[in-house]
Amino acid sequence: MRKIKQVKKLIIHHSAANASRSSLKEILRWHEYRGLAEEGFTAYHWYITTDGRIIANRPEQYQGAHTYGYNQDSLGIILPGDFRWQIPTSHQIESLINLLVDKIKQYNLKFWQIYGHCEMKRLFVLSTTSTACPGNNLYKLLSDIRREVAKKSGQWENSKPTLRKVYERIKIMLRR
Ligand SMILES: [Zn+2]
């Protein structure tokens, strides 16, 4: 497995299948079939069960295989469920927020470095793939989740979007 030099993004996914049919074991089987698994790990770093247990999978120092073009500097977090039609459990959301706060602190990130998979379109390369991941019902919650993470990690007071900050943010995005 390749190493991650520096974690710069936290990317959220759903399994696009019923939670009862997308256990880690099941996902590992899909990923093995699709060539995304490595050394017995799924493509993701973290898995959050419907009852809110946070389970580590691929070790964080290694690149995952969850977001085409962005695996070199991101951690992948998967919530089992198909959030195109279903709704994540409150346990999942609560645990997701806690995990994100931990990672934000650990890697010295800003709350807006949290993304849904569907937001990671390549900036300058015409991409033919598009994705509904993490499903609209979870995607709709993302701005609230980011705000909650910002509050819990002490970033909210300083997050007024001044023009200077917007420019800084664009610069960082372009540096990807
Ligand atoms: Zn995804």
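Are H2 and H4 oblique or roughly parallel to each other? In this predicted model, helix H2 (residues 90-106) packs against helix H4 (residues 142-152) at an angle of about 50°, and their axes lie 9 Å apart. Angles under 35 degrees would count as roughly parallel and those from 65 to 115 as roughly perpendicular, and H2 and H4 are therefore oblique to each other. The crossing in which H2 passes H4 is right-handed.

The residues that form this contact can be named on both sides. H2 contributes Ile-93, Leu-96, Ile-97, Leu-100, Val-101 and Ile-104, which meet Ile-145, Glu-148, Val-149 and Lys-152 in H4. Just after H4 the backbone reaches Gly-154, which takes a positive phi of about 70°.

In soluble globular proteins, nonpolar side chains tend to be buried together. Here the largest nonpolar core has 25 residues, and Leu-10 and Ile-77 are those with the most contacts inside it. Two or more residues come from each of strand S1 (9-14), strand S2 (46-48), strand S4 (74-79), H2 and H4, and S4, with four residues, gives the most to this core.

Another residue of helix H2, Leu-99, is partly exposed because 19 other C-beta atoms lie within 10 Å, whereas a residue counts as buried at 20 or more. Apart from neighbours within four places in sequence, Leu-99 is in contact with Trp-46, Ile-54 and Ile-77. Leu-99 and Trp-112 are 13 residues apart along the chain, and their C-alpha atoms are separated by 15 Å.

Most residues other than glycine have a negative phi, and most peptide bonds are trans. Glu-39, in the loop between helix H1 (24-33) and S2, has a positive phi of about 50° although it is not a glycine, and Glu-39 counts as exposed because it has 8 C-beta neighbours inside 10 Å. Asn-108, in the loop between H2 and S5, likewise is not a glycine and has a positive phi, of about 55°; with 9 C-beta neighbours inside 10 Å, Asn-108 counts as exposed.

The peptide bond that joins Cys-133 and Pro-134 is cis, with omega about 10°, and Pro-134 lies in the loop between S5 and helix H3 (136-139). A further proline, Pro-59, is located in the loop between strand S3 (54-56) and S4, where its 13 C-beta neighbours inside 10 Å mean that Pro-59 counts as partly exposed. Between Pro-59 and Phe-41, which are 18 residues apart in sequence, the C-alpha to C-alpha distance is 8.5 Å.

Methods
Residues are numbered from 1 along each chain as its sequence is written. This is a predicted model: local features need pLDDT of at least 70, side-chain atom pairs count only at pLDDT 80 or more; totals for chains, interfaces and linings use all residues. Axes are lines fitted to C-alpha atoms, for helices over the stretch in contact, and angles run from 0 to 180 degrees between N-to-C directions. Angles under 35 degrees count as roughly parallel, over 145 as roughly antiparallel, 65 to 115 as roughly perpendicular and the rest as oblique. A crossing is left-handed if the near helix is turned anticlockwise from the far one by less than a right angle, and right-handed if clockwise. Two residues are in contact if their C-beta atoms, placed from the backbone, lie within 7 Å. A nonpolar core is a set of buried Ala, Val, Leu, Ile, Met, Phe, Trp, Tyr and Cys residues joined through C-beta atoms within 7 Å. A residue is buried if 20 or more other C-beta atoms lie within 10 Å of its own, exposed if 12 or fewer, and partly exposed in between; C-beta atoms are placed from the backbone.
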